[in-house]
Structure formats: C-alpha cells, structure tokens
Amino acid sequence: MKGNKELVGTLRGFDVYVNMVLEDVIEYEITSEGRRITKLDQILLNGNNIAILVPGGSPDPE
C-alpha cells in the first residue's frame, strides 16, 4: 500500500483497475507507537492505493 500499511488476505475478486475484494484480512500499520495489527473479515481495496502485490506471501515477523 502507499503509506505505512500492508494488507494480507485472500483475494476474492478484482477488476481492470486492480480494485480488489479481500477476505480474512490482516492489516499491518506502522505508527509512531510501533506496529499495529487489525483483523478484518472483508475489505474492498481501491486499486489507486496499491503499490505492490506479492502473491502467496506473508509478512516477515518482527
């Protein structure tokens, strides 16, 4: 993601603009207090905010 967020989830659908529907999502966000983790059931992700896609991967634990 653009900014300090990373989303890991199961891809359920996408369109030609790379808008995506993800399920069982874990959001990792870097804040001034440290790393914040949020769990979401489903999310619609706007393709304009995506910087890189990594299929089949999960973030390295810190």
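Trainee: How far apart are the mean positions of the positive and negative charges in the protein chain?

Mentor: First, the counting rule: Lys and Arg are taken as positive and Asp and Glu as negative, while His and the chain ends are left out. Each charge is placed at NZ of Lys, CZ of Arg, CG of Asp or CD of Glu. Here there are 6 positive and 10 negative charges, and their mean positions lie 2 Å apart.

Trainee: What kind of model is this, and how are its residues numbered?

Mentor: It's a predicted model, so to speak of local features we need pLDDT of at least 70, and side-chain atom pairs count only at pLDDT 80 or more, whereas totals for chains, interfaces and linings use all residues. Residues are numbered from 1 along each chain as its sequence is written, and side-chain values use heavy atoms, with hydrogens and water left out.

Trainee: What is the mean pLDDT of the protein chain?

Mentor: pLDDT is the predictor's confidence in each residue, on a scale from 0 to 100. Where it is low, the predicted coordinates should not be read in detail. For this protein chain the mean is 87, with 90% of residues reaching 70 or more.

Trainee: Does the radius of gyration agree or disagree with that of a compact globule?

Mentor: The radius is taken over C-alpha atoms, and the globule rule is 2.2 Å times the number of residues to the power 0.38. With 62 residues, the rule gives a value near 11 Å; the protein chain has 12 Å, which agrees. Along the principal axes, the C-alpha atoms fill a box of roughly 35 × 20 × 20 Å.

Trainee: What share of the residues is buried?

Mentor: Buried means under 20% relative accessible area, exposed means over 50%, and partly exposed is in between (1.4 Å probe, protein chains only). Buried residues make up 18% of the 62 here.

Trainee: Which residues have a positive phi without being glycine?

Mentor: Most residues other than glycine have a negative phi. Val18 has a positive one, about 65°, and Asp24 has a phi near 50°. Val18 is in the loop between E1 and strand E2 (20-31), while Asp24 is found in strand E2 itself. Val18 counts as partly exposed because its relative accessibility is 34%; Asp24, at 55%, is exposed.

Trainee: Is Gly47 buried or exposed, and what does Gly47 touch?

Mentor: Gly47 sits in the segment after E3, and it counts as buried because its relative accessibility is 14%. A contact means heavy atoms within 4.5 Å. Leaving aside residues up to four places away in sequence, Gly47 touches Tyr17, Val18 and Asn19. Across the protein chain, 36% of the contacts between residues at least 6 apart in sequence join residues at least 24 apart.

Trainee: How does distance along the chain relate to distance in space for Gly47?

Mentor: Take two pairs, using C-alpha atoms. Gly47 and Arg36 are eleven residues apart in sequence and 23 Å apart in space. Val16 and Gly47 are 31 residues apart along the chain and separated by 9.2 Å. Val16 belongs to the loop between E1 and E2 and, at 75% relative accessible area, is exposed.

Trainee: Which residue is 48 residues away from Gly3 along the chain, at 9.1 Å?

Mentor: That's Ala51, with the distance again taken between C-alpha atoms. Gly3 lies in the segment before E1 and counts as exposed at 62% relative accessibility. Gly56, in the segment after E3, is also exposed, at 90%. Its C-alpha atom is 9.5 Å from that of Gly9, 47 residues away along the chain.

How values were computed
Helix = DSSP H or I, 4+ residues; strand = E, 2+ residues; numbered from the N terminus.
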